[in-house]
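Q: I would like to learn how to read some features of a protein model. Can we go through them one at a time?

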Amino acid sequence: MPMLPTDVRVVSAQIYFLPVTLRVPLKFGPETTTSVVCLRTAVTVKDESGKTAVGWGETPLSVSWTWPSTVTTVAERGRRMQEFSLVLAEKLAAFDQWGHPLEIGYDFQKVALLPAVAEHNTKEGGEPMPYLAALVCLSAFDIAVHDAYGKLHERDIYDCYGPEHVSRDLSQFVEPAEKSGVSFKGRFVQDFLVRPAPTMLPVWHLVGGLDPLETADLTGSEPNDGHPVTLLDWIAQDGLTCLKVKLRGTDSRWDYERLLRVGRLGLANGMRWMSADFNCTVAETGYVNEILDRLLRDEPEIYARTLYVEQPFAYELEHDMLDVRSVSARKPLFLDESAHDWEFVKLGRSLGWSGVALKTCKTQTGALLSLCWAKAHGMPLMVQDLTNPMLAILPHVRLAAHAGTIQGVECNAMQFYPDASLPEAAVHPGIYARRGGTVDLSTLGGPGMGYRLEEMVRELPESCS
């Protein structure tokens with residue numbers, strides 16, 4: 001039985017697969033992505049009286065990021081994630097759990113997700129699908145439950161994270177670090193959110209490893225579609241001031257030269273901040289330390305403008321248990337792929353990681369709980385993109401606005417598939433086009449996630465479930 005009159009349960013879930021082609025390739029670690037399938041879900045919830053509402057969620061099934069592999073093809077990994085999404089739709093609808101979306105999402109991950117992954121891997125054979133890939137599949141459903149809950153109660157979902165709506169305080173979800181003096185007793189997600197949330201956020205641009213920086217880098221194979229191609233053109237059009245630089249992590253000379261070149265071009269064209277993203281490819285701390293030390297010695301201005309370093313090392317923290325304090329002593333070091341949930345954030349902190357890059361593609365529930373744990377323990381936050389187009393970008397920027405990040409939000413879908421989001425951009429132009437180095441969230445509003453979905457003219461394919 002529901003513990004609060006506002007509690008709901010999931011009654012059904014529908015799935016839509018939306019293929020998207022990138023206008024320019026995007027390099028994830030050792031792999032290059034040229035297309036992606038976005039998973040869109042419609043989840044129906046009901047309350048005790050039988051009243052129902054439908055919520056929507058979406059995420060790219062970005063296999064190169066969620067499931068790096070040298071033995072299984074991108075196509076096969078993508079098929080596996082789509083198949084698993086169909087399994088999740090059935091299991092979520094059969095999950096007889098009443099509660100708030102935080103409670104449903106948390107309990108489903110604790111009780112049902114790992115057995116579902118194990119069952120899937122046993123059935124499929126071959127290379128096991130990792131937990132991160134499973135989380136990404138689940139995220140579209142989890143976001144939809146949060147959206148549906150807000151719609152059913154005709155409230156902005158960010159007004160629904162306190163004791164009026166959630167029967168369990170945070171101590172029922174998370175545990176503080178030992179000897180930290182932190183207590184989650186009597187505290188709720190709402191206690192850690194920025195309210196009122198800003199409607200304008202500084203925006204980060206992703207400088208991919210294959211991206212041309214200036215005209216001299218062009219090969220003639222670039223798209224001629226009216227959108228910028230070089231970094232300098234993007235800076236000029238969007239007024240960019242924050243640049244995230246993708247690095248190889250296996251070629252220190254190339255990585256240093258890339259940071260140097262992007263930094264010099266950026267500084268000459270209004271850049272305020274940059275970050276270094278090694279995408280889990282670095283094997284030992286000395287690799288990063290040497291690059292940072294060389295920057296500090298030879299290019300102190302670029303070093304000073306490097307705001308943080310993102311996930312250089314393999315994301316299986318529990319396997320490697322790598323002490324990274326030497327890196328975080330030089331620059332703030334942010335967990336990304338490793339931050340599956342608050343327990344991994346806790347482990348990362350014990351190993352010397354400084355902060356957390358939150359992503360809605362690891363579930364709205366998980367992102368909020370990680371946010372609360374990190375803030376309570378003094379860890380700074382960022383909200384990072386998974387090249388989110390269409391609906392996927394909207395919960396992403398809302399999380400960033402409420403999180404209180406160290407500097408805005410990363411949004412790069414407009415770089416790689418800007419025309420994929422035209423129906424959504426007609427309703428929220430300031431989110432899908434970066435102007436003056438910012439994104440404008442002021443058009444978001446209404447119940448749930450505030451999508452204003454009914455105003456978007458998008459024809460969906462036939463449901464797969």
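Q: Which residues of α13 are buried?
A: A note before the answer: this is a predicted model. The buried residues of α13 are Ile 393, Leu 394, Pro 395, His 396, Val 397, Arg 398, Leu 399, Ala 400, Ala 401, His 402 and Ala 403. That is 11 of the 11 residues of the helix, which spans residues 393-403, so α13 is largely enclosed by the rest of the structure. After α13 comes Gly 404, with a positive phi near 75 degrees.

Q: Which residues other than glycine have a positive phi here?
A: The general idea is that most residues other than glycine have a negative phi. Two cases go the other way. Gln 311 is not a glycine, yet its phi is positive, at about 35 degrees. Met 321 has a positive phi as well, near 50 degrees.

Q: Where do Gln 311 and Met 321 lie?
A: Gln 311 is in the loop between β7 (306-310) and α9 (317-320). Met 321 is in the loop between α9 and α10 (325-328). Gln 311 is buried, with a relative accessible area of 0%, whereas Met 321 is partly exposed, with a value of 44%.

Q: Which peptide bond is cis?
A: As a rule, most peptide bonds are trans. The bond from Arg 195 to Pro 196 is cis, and its omega is near -10 degrees. Pro 196 belongs to the loop between α4 (131-152) and β4 (200-207).

Q: How many disulfides does a search of the whole structure find?
A: A disulfide is a covalent bond between the sulfur atoms of two cysteines. The search finds 0 disulfides.

Q: How do I read the packing of two helices, and at what angle do α6 and α7 pack?
A: Look at the distance between the axes, the angle and the handedness. α6 and α7 pack at about 40 degrees, and their axes are 10 Å apart. That angle makes α6 oblique to α7. The crossing is right-handed. On the α6 side the contact is made by Ser 252, Asp 255, Tyr 256, Glu 257, Leu 259 and Leu 260, and on the α7 side by Tyr 287, Ile 291, Arg 294, Leu 295 and Asp 298. By class, there are 6 nonpolar, 1 polar and 4 charged residues in this contact.

Q: Where does Ser 252 lie, and which residues outside its sequence neighbourhood is Ser 252 in contact with?
A: Ser 252 lies in α6, which covers residues 252-267. Leaving aside neighbours within four places in sequence, Ser 252 is in contact with Tyr 287 and Ile 291. Ser 252 is partly exposed, with a relative accessible area of 36%.

Q: At what angle do the axes of α2 and α3 cross?
A: The axes of α2 (residues 74-93) and α3 (residues 101-124) come within 11 Å and cross at roughly 135 degrees. These two helices are therefore oblique to each other. Their crossing is right-handed. Among the residues in this contact are Phe 84 and Leu 88 in α2, and Leu 113 and Val 117 in α3. By class, the contact has 7 nonpolar, 2 polar and 6 charged residues.

Q: Is Lys 244 buried or exposed?
A: A charged side chain can be read in the same way, by accessible area and then by contacts. Lys 244 is buried, with a relative accessible area of 2%. It lies in strand β5 (residues 242-246). Not counting residues up to four places away in sequence, Lys 244 touches several residues, including Asp 277, Glu 310 and Glu 410.

Q: Where is Glu 299 found, and which residues does Glu 299 touch?
A: Glu 299 is in the loop between α7 (285-298) and α8 (300-305). Beyond residues up to four places away in sequence, Glu 299 touches Tyr 256, Leu 260, Arg 264 and Arg 294. Glu 299 is buried, with a relative accessible area of 16%.

Terms used. Residues numbered from 1 in each chain as written. Predicted model: local features only at pLDDT ≥ 70, side-chain atom pairs only at ≥ 80, totals over all residues. Heavy atoms only, no water. Axes fitted to C-alpha atoms, helices over the stretch in contact; angles between N-to-C directions. Helix = DSSP H or I, 4+ residues; strand = E, 2+ residues; numbered from the N terminus. Parallel < 35°, antiparallel > 145°, perpendicular 65-115°, else oblique. Left-handed = near helix turned anticlockwise from the far one by under 90°. Contact = heavy atoms within 4.5 Å. Nonpolar A, V, L, I, M, F, W, Y, C, P; charged D, E, K, R; others polar. Disulfide = S-S within 2.5 Å. Buried < 20%, exposed > 50% of the residue type's maximum accessible area, 1.4 Å probe, protein only.
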